[in-house]
Amino acid sequence: MKKILVHERFKEDWIRVLTHIANLFFEDSKLYEAIENPDLSIRFQYKKENNRYSAASELEADGKTCSSTYTKEYDTEGTEREQNIRMKRAMSHVLLDVLEQYTGIKQQWGILTGIRPTKLYHKLRKQGLSRDDIREVLKRDFRVSDEKISLLESIVERQLATIPDLDEIGKEVSVYIGVPFCPTKCAYCTFPAYAIAPNRKTGRVDSFLDALKIEMREIGKWLKEHDVKVTSIYWGGGTPTSIEADEMDELYETMYESFPDPENIREITVEAGRPDTITPEKIAVLKKWGIDRISVNPQSYTDETLRAIGRHHTVQETIDKFWLARNLGMKNINMDLIIGLPNEGIEEFQHSLDETGKLMPESLTVHTLSFKRASEMTKNKEKYKVADRPTVAKMMEMAQNWTRENGYHPYYLYRQKNILGNLENVGYSKLGKESIYNIVIMEEVQTIIGIGCGAASKFVDPETGAISQYYNPKEPFQYITSFERAIGKKIEMLDELYGVQMKK
């Protein structure tokens, strides 16, 4: 842990933001108001004069002194909340600057730590700013590099081409349906994913499926009664194809019976990410219900890596199941790769790209490994040797070059805490094969109703953009015993969002 003396008593939300900035440079850091023998000593000054916000910092460590100043004047006084944000932003600027000087590390995403970059771009776009104006704001106010701004410009262009009514789509909703079972749980995973075999023995799979059907029917009933359209449906988890083909068939039948105007839902995706769950019978069920967008996720094309992260399938099985799905008529297949998996470097990632080139899926999502707090990998970091910052940056560059050379275009992006190299996750696709669901959930432009185990509902006010959330229980038994309460709460929140109570 890097101990940083700041010589100041800051508000809690300031400490949180400044710690996020420090963690861009160090794996783990903590800010102290007073401590003996700190690793770094940073003094801050800040002040507000009318609408002018100024900050300065001076870092001392290892006989080295680095300093920075920042000033910005705003046109309006702003609310108390806006004033707090402005000062935190000024402090973030000077802290980032002195740490870049001290470490020699340039942060391509600047001070963006808790902000979705493409959502910020859309916000500026909807304010009427030109492309050049947005570029200037991102560089000046957030210190985003030219390279990352160009990436954002490309993504936003594809999003608006994919969903021309993106700015009005808040009148509709999308639906996420969580099936919490997998053959085994991957070491990096924090999603609701439980080994299916023991849950079959206890009867929880059957009980969960019964409860899930009820929840689909009740939410669908509300949507029909209030004439709310569904844009897209995403089956995730877990791995929804972990259950049997006849069980999948019953669920999709319930989906079609429950939701309004199912023939005009723009997109239905089923996450078939674990190749060891895909069979001809399950593909036949997907085809029966007109679903042809699935994921078949290799993550890596190195068998040793798959074993290390707990994926009990082989590289060859991934390849075989891809061609099984393709030959049985699946025309829109996504595949995922993860940069920075244990013991993987440039050579292994190049091999994964080469193997992907033999398959040419319609879309490729390139994730950067993130040490999520509750994952097995995070709990036992010493067991997993991962690539350093320069190596993961090179691997991301390789992915960008490979996708461009092979006719893929970036169309969505998101970032996570504790992500290797302070990089990002990027979805690439062939033109016309972009995922609508991935765009709307990342840009938070419409309500996502979460159904099933561990599903998160995100209620987005179509007028103000204000967001409220509700989480279904993550563990199957808890879901089975409380799903009716979850249904009631979500319907209550939908009533409030759409003003149903006021109309009665």
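Modeller: Let's start with helix 1 (residues 12-23), which has 12 residues and reaches 16 Å from its first C-alpha to its last, close to the 16 Å expected at 1.5 Å a residue. That expected span is 1.5 Å times one less than the number of residues. Helices here are DSSP runs of H or I with at least four residues, strands are E runs with at least two, and both are numbered from the N terminus. Keep in mind that this is a predicted model, where local features need pLDDT of at least 70, side-chain atom pairs count only at pLDDT 80 or more, and totals for chains, interfaces and linings use all residues. Residues are numbered from 1 along each chain as its sequence is written, and side-chain values use heavy atoms, with hydrogens and water left out.

Back in helix 1, the buried residues are Asp13, Trp14, Leu18, Thr19, Ile21 and Ala22. Buried means under 20% relative accessible area, exposed means over 50%, and partly exposed is in between (1.4 Å probe, protein chains only). As a reminder, an α-helix has 3.6 residues a turn, so residues three or four places apart point the same way. The buried residues of helix 1 pack against strand 1 (2-5), strand 2 (29-32), strand 3 (40-49) and helix 2 (80-103), with contact taken as heavy atoms within 4.5 Å.

Now for a pair of helices. The axes of helix 3 (residues 117-126) and helix 5 (residues 146-162) come within 10 Å and cross at roughly 70 degrees. That makes helix 3 roughly perpendicular to helix 5; angles of 65 to 115 degrees get that label, under 35 is roughly parallel, over 145 roughly antiparallel, and the rest oblique. Axes are lines fitted to C-alpha atoms, for helices over the stretch in contact, and angles run from 0 to 180 degrees between N-to-C directions. Helix 3 brings Pro117, Thr118, Tyr121, His122 and Arg125 to the contact, while helix 5 brings Leu152, Glu153, Ile155, Val156, Gln159 and Leu160.

You'll find Asp227 in the loop between helix 7 (204-225) and strand 9, and at 68% relative accessibility it counts as exposed.
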